[in-house]
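Subject: Structure for your review

Dear colleague,

Please find below the structure that I am handing over to you. My findings follow directly after it.

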Amino acid sequence: MTIQRTDYTPYPYELPAIHLEFDLDPKCTLVHTKIDVKAKADTMTGEALILDGEAIDLRGLRIDGQSWDHYELDKDLGKLIIRSLPRACTLEIDSSCNPSSNDALMGLYVSGKSLFTQCEPEGFRRISWFADRPDVMSRFQVTLRADPDVYPILLSNGNRIHAEQLPDGRQSCVWEDPFLKPSYLFALVAGQFDCREQTVRTRSGREVLLQIYSDPGTFDRTLWAMESLIRALRWDESRFDLELDLDRFMIVVAADFNMGAMENKGLNVFNAAYVLADPETATDSNFEGIEAVIGHEYFHNWTGNRVTCRDWFQLSLKEGLTVFRDQEFTADMKAEGLDPARAASARSVKRIDDVAMLRAAQFPEDAGPMAHPIRPQSYEEISNFYTATVYEKGAEVIRMMHTLLGEEIFQLGMKEYFRRHDGQAVTCDDFVDAMQHAWQTRHPERDLTVFARWYSQAGTPSVKVTTERTSEHDQIRLTLSQQCPPVGVERNANIEKQPFHIPVLLGAINQQGESLTLQCDEQHGQTLLLELTRQSQSWLINGWTQDAAGSFLRDFSAPVRLEISQPQEALHRLARHDPNAFARWEATQILLSNAVLKLAELADDGQARTDLPESLTTSIHTLSDTFSLILQDTTLDDAYRTRLLEMPSDKYLLHQMDQMDPLAVAQAKNRLVQILARPLETALVQIVTEAQADGDDSKDVFDPSALAAGRRALVNLALDWLCQMGSTQGKALALAQYDRAGNMTARLGALLALFRHPEHDSAVLDASESFYTRFQDNALVIDKWFALQASAPTTDVAKARSLMQHPAFNRRNPNRVRALLFQFCANNPLGFHAADGSGYQFWAEQVIDLDRSNPEVAARLARVLDHWRHHRPVTQDMMQAALQSVADQSDLSPNTREVVGKALAL
Ligand code: TRP
Ligand code: ZN
């Protein structure tokens with residue numbers, strides 16, 4: 001069934017209070033629900049009250065204490081329709097559910113020995129009958145009763161107002177959340193946990209209790225999470241002027257979890273992978289991920305919880321904004337304590353990572369069958385719309401407003417948003433309106449009317465840049481024109497797409513690599529902000545010397561594709577001198593992409609030719625020289641230098657091909673590294689040996705700072721390149737680093753490099769074996785072990801199948817499934833795209849099997865074949881057959897059905 005955004009109607013009743021009583025039991029939990037019901041003023045007396053419920057049994061229903069039989073239960077639709085109600089009454093429902101058989105991990109479920117809930121977006125209906133939609137907000141009181149031997153700790157949202165021992169030996173406690181909230185923010189947790197706690201004072205002087213609950217024995221691994229939480233709290237106070245509104249803020253760790261984490265009011269539930277860390281077992285990117293996700297969920301307390309979504313089409317209202325906030329948090333943390341020049345390049349590392357992600361995940365999504373605007377027009381299953389578009393492109397849209405308005409006015413807009421909507425469930429338009437209001441207080445002539453189209457139109461616009469010299473001295477006419485043909489479901493809707501409002505930051509540098517001072521209309525400086533709001537516009541720009549090389553879309557000021565033909569020389573110049581750290585990286589990426597794509601094109605039947613055209617060889621050698629300069633330039637931040645050298649992702653490269661050829665791209669990348677890195681061998685070896693001499697990889701005291709992490713990243717890149725080149729010395733260095741590694745970044749980096757070395761001898765296998773034995777009791781590290789093998793170029797379908805037989809593989813645990821199945825299908829081009837199509841058959845089997853237990857995760861795996869139409873004809877046929885074999889299953893979940901249905905149809 002397709003739900004349309006325009007079909008929204010308000011709920012006819014208010015449900016101002018709900019009291020839930022749970023008799024917790026893994027096999028059969030009894031739920032008593034008491035709801036205050038009040039008809040809204042314009043609701044006709046007797047209008048049915050319709051509640052949602054799924055996979056729960058109804059055991060009784062009373063109105064104002066009397067049993068009531070004016071109701072119908074539609075099990076197929078999951079609706080309970082109650083008729084002839086008085087305008088105001090108390091509704092009581094008895095129901096039950098079975099947490100232990102809940103493998104979907106939505107609603108109340110068992111993970112390890114504990115009980116957890118996940119309600120967003122529509123999981124509450126698997127716990128109790130209720131109006132399970134975000135615009136119905138209630139005051140929640142929750143009573144929990146359970147056996148204290150199994151469930152000594154009982155948690156829910158808000159404050160614990162009562163606890164007692166019951167005559168039957170069970171314990172009972174009552175929680176009350178002082179804030180109105182929709183059902184998707186409800187949570188309960190029951191089990192045995194270690195608890196790390198700390199009280200801190202908020203800026204206004206209130207004392208608040210912070211707690212992190214995790215499995216017994218994991219206390220030592222929650223320190224970084226607690227420190228991250230405190231940083232998040234402080235940052236939201238100082239940058240957004242937002243303070244924690246609760247007396248108590250809890251985080252609980254779950255080993256089985258569908259996504260990263262969940263922002264339930266005052267009781268966040270986290271995937272263990274985003275909480276537990278120590279230097280022995282977690283990589284630098286794990287540390288960064290934990291800080292970011294803890295920040296993200298914490299920031300939701302204002303952007304998501306205090307102001308929530310009217311309906312699920314507005315999901316980006318909270319997600320796009322909160323991702324923008326967590327991105328800024330990470331960037332500020334990276335830059336903290338650095339001098340301004342280094343701070344700028346450190347911040348740019350976060351920007352680069354986010355843009356690389358956007359291009360690898362969101363651009364392809366916007367060009368495929370699941371394409372949708374950040375505020376979708378329709379959906380079949382809302383769980384399928386927790387996408388890169390809603391999250392990451394949503395954040396880009398917020399970022400563009402931030403670029404247009406500037407930090408100060410943007411913050412005024414945030415203030416206005418909370419002033420208008422605190423405690424409400426609102427729309428994306430409401431947010432844009434508040435921002436526009438703030439903008440107009442300073443600039444009455446400005447508005448966001450055209451800008452708002454980012455919310456209603458899908459697709460990645462392409463912006464064409466042309467310049468021509470005028471007869472004036474040092475002046476050019478710059479023309480920008482945009483294009484964004486209909487994508488995905490848009491193509492069936494017969495819509496006329498309108499131009500977007502696109503902010504373009506630009507600058508220019510001369511032959512000597514110096515920045516030019518430019519002038520255009522009222523603007524004057526080294527960076528100009530142009531606003532493209534029509535299909536095509538021109539500007540006269542002064543100060544653009546004959547030898548200028550233009551640097552466009554600095555800081556990636558808009559989520560667009562640039563179409564520009566720049567001479568090679570200009571790109572090489574930007575790669576060496578662009579003062580905008582992002583644009584400099586962009587230049588190296590373009591040069592690298594061009595080289596990989598050219599090499600892929602030249603390779604026939606996978607056999608790389610030895611004779612390369614001279615223009616290509618010259619360009620690669622120039623790039624190699626640039627890289628050599630970068631490797632010597634120690635004034636640059638190490639993390640940033642690593643980014644400058646890194647290859648673009650396969651996904652980004654594939655989407656630039658007329659016909660995707662994953663094998664050719666993987667081989668071309670490898671070939672490019674070999675050509676590019678050969679002249680750099682000595683420099684690369686030096687980077688590793690210096691670090692090893694300094695004992696960086698084996699330090700007893702671990703330095704988690706971004707600065708130290710940058711150095712480790714550069715060393716690992718060097719090892720990776722040396723191994724890819726087949727360097728014997730590189731391999732010896734990798735083995736040495738593996739053996740002495742004092743932290744997971746060094747250990748895993750060495751192992752990854754060894755897996756990329758063409759000679760896969762016993763030394764490599766021994767390293768992999770010892771890794772397993774050493775960490776077999778740590779699930780998160782074993783996930784890394786599975787992921788490493790699943791994505792290794794030597795792993796084919798047969799090997800993937802044998803890994804599934806490994807005793808440590810568990811298909812009920814989403815992290816393990818992601819480590820093995822997702823890594824193999826999405827991150828192992830050689831194994832997955834084997835010429836016989838065996839990878840695609842394997843994929844179909846796994847999607848079908850997973851769909852029976854966990855539709856949300858299955859539907860994500862299903863998306864791996866989204867772009868089957870962009871492959872070569874033979875591959876297309878095999879992929880289509882695999883998709884069809886999934887679609888032919890009669891009992892597919894709505895989640896997976898929507899994904900494969902759209903893939904086959906659009
Ligand atoms: N709202 C969560 C976040 O982005 C994510 C989320 C949505 C989620 N649905 C979920 C997490 C289901 C786990 C399971 O912060
Ligand atoms: Zn979120």
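For reference, ideal octahedral angles for six donors are 90 or 180 degrees. Please bear in mind that this is a predicted model.

As to the overall organisation, the chain is divided into domain 1 (3–299), domain 2 (308–455), domain 3 (462–565), domain 4 (566–775) and domain 5 (781–906).

I also examined the interface of domain 2 and domain 5. Their C-alpha centres are 31 Å apart, and 14 residues from domain 2 meet 14 residues from domain 5 in the contact. Between them, the two domains bury about 1,200 Å², with 48% of this area on carbon and sulfur atoms.

One salt bridge is counted between domain 2 and domain 5. Arg863 and Glu365 form a salt bridge in which the closest N and O atoms are 2.7 Å apart. On the side of domain 2 that touches domain 5, seven residues are nonpolar, four are polar and three are charged. Eight residue pairs are in polar contact across this interface.

With kind regards

Definitions and conventions. Residues are numbered from 1 along each chain as its sequence is written. Chains are lettered from A and ligands numbered from 1 in the order in which they are written. This is a predicted model: local features need pLDDT of at least 70, side-chain atom pairs count only at pLDDT 80 or more; totals for chains, interfaces and linings use all residues. Side-chain values use heavy atoms; hydrogens and water are left out. Domain bounds come from an automatic or database domain assignment. Contact means heavy atoms within 4.5 Å. Buried area is the accessible area (1.4 Å probe) that two parts lose on being put together, summed over both. A salt bridge is a side-chain nitrogen of Lys or Arg within 4 Å of a carboxyl oxygen of Asp or Glu. A polar contact is a pair of N or O atoms within 3.5 Å; within protein, one must be able to donate a hydrogen and the other to accept it, and residues adjacent in sequence count only if both atoms are side-chain atoms. Ala, Val, Leu, Ile, Met, Phe, Trp, Tyr, Cys and Pro count as nonpolar, Asp, Glu, Lys and Arg as charged, and the others, Gly among them, as polar.
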